[in-house]
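Reader: Please take me through how to read helix packing, cores and backbone angles in a model.

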Amino acid sequence: MTYLFAQPYDISANGFYFESFEDYQAKAAKAVNHYGERVEEFEIQFIDGEDIDCELAKAYGINQANLKSYFSAVDELDEDEKKTVILAVGECGYDIERVLGHISGVDLDIYYVSSMRELAEQFVEEGLFGEIPERLQYYLDYDAIARDLSVDYTETVIAGETLIYRCA
């Protein structure tokens, strides 16, 4: 379950915790300051939940305007789709609505490897550099290939998992 907190910008009002958009709407409608005036603006803070949903909240830049969309994404997207959204929006500069409208159309390469060297080994094994005889593979400088790959590829950690990606 994802828990968020709505912190009023009005310093004479109290905030509240909520678990869904409907919960937020109900509590926000009742929020008043010490003078009995309705509170209209809140800062939305991620408090507790899955690590991937916390990263998604950062990429979203959650606020009152996109809160409903955020909860929909938490509920409807699988973990790989969430990673795509996090990288596309948070790292590659895509517009969140464009990404959510067509996740499969995002031009982003994600590799589930733990280091650039491992990515270099994978590329050699897949034949990206052409057919290399097995007896010569022992002489390849994978660290040099990894350094070259780091020009176009970036290493990041999302929810405790190391990923390497390339924005196209």
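Author: Start with a pair of helices. The axes of helix 6 (residues 116-126) and helix 8 (residues 142-149) come within 8 Å and cross at roughly 100°. Axes are lines fitted to C-alpha atoms, for helices over the stretch in contact, with angles from 0 to 180 degrees between N-to-C directions. Helices (H or I, at least four residues) and strands (E, at least two) are DSSP runs numbered from the N terminus. This is a predicted model, in which local features need pLDDT of at least 70 and side-chain atom pairs count only at pLDDT 80 or more, while totals for chains, interfaces and linings use all residues. Residues are numbered from 1 along each chain as its sequence is written, and side-chain values use heavy atoms, with hydrogens and water left out.

Reader: How are helix 6 and helix 8 oriented to each other, parallel or perpendicular?

Author: Angles under 35 degrees count as roughly parallel, over 145 as roughly antiparallel, 65 to 115 as roughly perpendicular and the rest as oblique. Helix 6 and helix 8 are therefore roughly perpendicular. Contact means heavy atoms within 4.5 Å. Helix 6 contributes Met116, Arg117, Leu119, Ala120, Glu121, Phe123 and Val124, and helix 8 contributes Tyr142, Asp143, Ile145, Ala146 and Leu149.

Reader: At what angle do helix 2 and helix 4 cross?

Author: The axes of helix 2 (residues 51-60) and helix 4 (residues 79-90) come within 9 Å and cross at roughly 30°, which makes helix 2 roughly parallel to helix 4. Their contact has six nonpolar, one polar and five charged residues.

Reader: And which residues make the contact between helix 2 and helix 3?

Author: The axes of helix 2 and helix 3 (residues 67-76) come within 11 Å and cross at roughly 145°. The contact is made by Asp53, Leu56, Ala57 and Tyr60 of helix 2 and Ser69, Tyr70, Ala73 and Val74 of helix 3. These divide into six nonpolar, one polar and one charged.

Reader: Which residues touch the most other members of the largest nonpolar core?

Author: In soluble globular proteins, nonpolar side chains tend to be buried together. A nonpolar core is a set of buried Ala, Val, Leu, Ile, Met, Phe, Trp, Tyr and Cys residues joined through side-chain atoms within 4.5 Å. Buried means under 20% relative accessible area, exposed over 50%, partly exposed in between (1.4 Å probe, protein chains only). The largest core here has 39 residues, of which Phe18, Tyr24, Phe42, Ile44 and Tyr70 touch the most other members. A second, separate core of 14 residues includes Val113, Met116, Ala120 and Tyr153.

Reader: Is Ile44 buried or exposed?

Author: Ile44 counts as buried because its relative accessibility is 8%. Ile44 sits in strand 3 (residues 42-48). Leaving out residues up to four places away in sequence, its contacts include Leu4, Phe18, Tyr24 and Leu67.

Reader: What is the phi of Ala159?

Author: Most residues other than glycine have a negative phi. Ala159 has a positive phi, near 55°. Ala159 lies in the loop between strand 5 (154-158) and strand 6 (161-167) and is partly exposed, at 29% relative accessible area. Beyond its neighbours within four places in sequence, Ala159 is in contact with Asp51, Ile52 and Glu55. The C-alpha atoms of Ala159 and Ile52 are separated by 5.1 Å, although the two residues are 107 residues apart along the chain.

Key: Ala, Val, Leu, Ile, Met, Phe, Trp, Tyr, Cys and Pro count as nonpolar, Asp, Glu, Lys and Arg as charged, and the others, Gly among them, as polar.
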